[in-house]
Amino acid sequence: MQVDWQKEIDKRKEALLTDLTEMLKIESVRDEKRGSKNAPFGPGPREALDKFLEIGNRDGFEVLNLDGIVGHLEYGTGAETMGILAHVDVMPAGKGWDTDPFSPVIKDGKLFARGSSDDKGPGMAAYYGLKLIKELNLPIRKKVRMIIGTDEESGWRCMTHYFEKMPLPDFGFSPDAFFPLINGEKGNVSFNVDFQGGNGANAKLLDFSAGLRENMVPRDATAHISGIELKKVKELLNKFADDKPIEVEAVEEDERIAISVIGKAAHAQEPKNGENAGTYLALFLKQIELGAGAKQFIDFAADYLHEDSRMDNFDLHFTDEIMGDLTMNAGIFNFAAAQGGRVTLNFRFPKGIGASQIEEALIKVADKLGAQINATGKMQEPHYVSPEDPLVKTLLSVYERQTGNKGYGMVVGGGTYGRLMERGVAFGAMFPGTPDTMHQANEYMVVEDILKAAAIYAEAIYELIK
């Protein structure tokens with residue numbers, strides 16, 4: 001049966017956008033302080049999961065909700081199961097939005113909202129691809145299971161829970177990255193660098209904070225200092241920021257000075273795409289004579305982390321011919337004079353190097369500064385699927401037919417659920433040449449790209465299960 005996939009998706013445009021808008025209105029940010037037995041990651045992720053499964057149930061799919069943590073919708077029968085793995089949790093919105101991040105709005109053909117491109121937009125596009133196959137009653141020989149997670153932006157505990165109870169799909173993809181196709185993902189590990197507190201100088205660092213998550217480049221950073229005049233701080237700060245891509249401010253607050261820096265957020269898979277407000281603030285504070293733990297904390301951020309996403313300052317620059325560079329993102333900074341400080345670093349590493357080598361390099365530097373290195377407990381090994389695998393070839397051929405552009409595989413630093421399957425890849429939904437706004441303020445996805453992705457997903461799913 002010949003199907004005009006794009007025409008069929010376009011018929012369903014309004015329904016798709018209506019369902020997606022309802023999903024985007026849900027503030028599904030992890031909030032475990034408000035968690036419960038039935039919503040361990042907070043009410044938002046649970047509400048988003050329920051809504052997605054409600055849509056699936058409405059459309060006649062078999063639906064399963066596993067303890068409010070993860071769920072699936074299922075279609076078809078067969079000896080083999082194809083997986084489509086998406087997530088409905090989103091990153092914190094952060095500052096800098098021109099619109100309400102949870103009140104979706106279309107402007108100039110772009111749908112602005114947190115989650116529009118990561119991952120509610122792509123997830124809904126994939127869902128409508130599967131829904132189209134069901135509605136056209138196309139003949140298939142395999143089972144499809146769309147699995148919906150609620151903790152992708154944090155620890156993937158949703159998928160750990162799911163696969164403790166359910167089998168892995170035989171093959172599949174995650175609609176949570178870029179077209180044409182991602183057949184390789186770097187390893188992922190994070191370490192905390194812990195510092196003692198104290199100052200021991202006339203000028204004192206009272207506190208310092210930057211960053212929301214380890215897998216984001218911090219946009220905002222703030223510190224409070226005392227023992228120095230506001231006028232002097234402003235002079236130094238304005239001179240410091242004059243030739244730098246940041247915004248700065250210094251004001252007096254209750255006999256202390258508050259210094260703030262605004263940089264640019266970005267996904268940790270490529271820290272060079274952002275401007276790290278935390279390291280810029282540390283670089284500025286290095287001009288001020290500090291002592292004890294405060295000095296060590298600032299020296300580490302300024303001397304070792306600022307503009308070093310490739311660990312050059314740690315003598316650990318590493319590149320694999322296929323998978324690319326080892327990268328480092330300084331994602332979270334916290335310091336309080338009485339308690340001490342912590343910097344959380346996130347690493348994306350290719351094959352050929354491991355977490356132990358990264359830890360050894362960190363320890364050498366930490367020992368010089370009296371700091372301690374502690375693993376966060378999260379680690380993923382590099383993942384790679386051969387370009388010769390039929391899964392890769394099929395997906396790329398569909399992409400080429402529908403776009404007229406050459407298909408090719410890529411390796412990225414971001415981690416997707418695709419890596420959970422031995423024969424798993426990431427497939428869309430961001431098209432080449434489109435600005436990447438994931439994890440940033442004013443996140444958006446072009447509406448026509450959502451529809452095009454849905455058509456590609458529909459044909460791709462059908463080709464893999466017919």
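Over how many bridges do S4 and strand S5 pair? In this predicted model, S4 and strand S5 (residues 110-112) pair over 3 bridges, in the antiparallel sense. Lysine 107 stands opposite lysine 110 in S5. The two strands belong to an open sheet of 3 strands with the order S4-S5-S26. Pairing in this sheet is antiparallel. Its edge strands are strand S4 (105-107) and strand S26 (444-446), each of which pairs on one side only. On average, neighbouring strands of this sheet are turned by 30° against each other, direction ignored. Helix H11 (residues 447-465) lies across S4, S5 and S26. The helix runs at about 65° to S26.

Strand S26 also contributes to a cavity. The structure holds 1 cavity of 30 Å³ or more. The largest cavity has a volume of about 80 Å³. Its lining includes Ser117, Pro122, Phe431, Thr434, Pro435, Met438 and Asp449. Also in the lining are Ala429 and Met430, and strand S25 (429-430) is one of the elements that supply at least two residues. Tyr444, Met445 and Val446 line the cavity as well. S26 gives the largest share of the lining, 3 residues. By class, the lining of the largest cavity has 9 nonpolar, 2 polar and 1 charged residues.

A second sheet is open and has 8 strands. Their order is S14-S15-S13-S11-S19-S20-S10-S21, and the pairing is antiparallel. S14 and S21 are the edge strands, and each pairs on one side only. Neighbouring strands of this sheet are turned by 20° against each other on average, direction ignored. Within the sheet, S10 and S20 pair in the antiparallel sense over 9 bridges. Phenylalanine 195 stands opposite glycine 341 in S20. Helix H6 (residues 230-241) packs on the sheet and touches S13, S14 and S15. The direction of H6 makes about 175° with that of S14. Helix H9 (residues 355-369) lies across S10, S20 and S21. H9 runs at about 15° to S10.

The largest pocket has a volume of about 520 Å³. It is lined by 31 residues, of which Glu152, Ser154, Trp156, Asn188 and Asn215 are the closest to its centre. The residues of the lining divide into 9 nonpolar, 13 polar and 9 charged.

The second largest pocket holds about 400 Å³ of space. Of its 27 lining residues, Lys95, Gly211, Arg219, Asp220 and Ala221 are the closest to the centre. By class, the lining of the second largest pocket has 13 nonpolar, 8 polar and 6 charged residues.

Key: Residues are numbered from 1 along each chain as its sequence is written. This is a predicted model: local features need pLDDT of at least 70, side-chain atom pairs count only at pLDDT 80 or more; totals for chains, interfaces and linings use all residues. Side-chain values use heavy atoms; hydrogens and water are left out. Two strands pair if DSSP finds at least two bridges between them. Helices (H or I, at least four residues) and strands (E, at least two) are DSSP runs, numbered from the N terminus. Axes are lines fitted to C-alpha atoms, for helices over the stretch in contact, and angles run from 0 to 180 degrees between N-to-C directions. Contact means heavy atoms within 4.5 Å. On a 1 Å grid over the protein atoms alone, a cavity is a set of points where a 1.4 Å probe fits but cannot get out, and a pocket is an open set with protein on both sides within 12 Å along at least five of seven lines; lining residues have an atom within 4 Å of a point. Grid points are joined across faces, edges and corners, and a volume is the space filled by probe spheres set on the points. Ala, Val, Leu, Ile, Met, Phe, Trp, Tyr, Cys and Pro count as nonpolar, Asp, Glu, Lys and Arg as charged, and the others, Gly among them, as polar.
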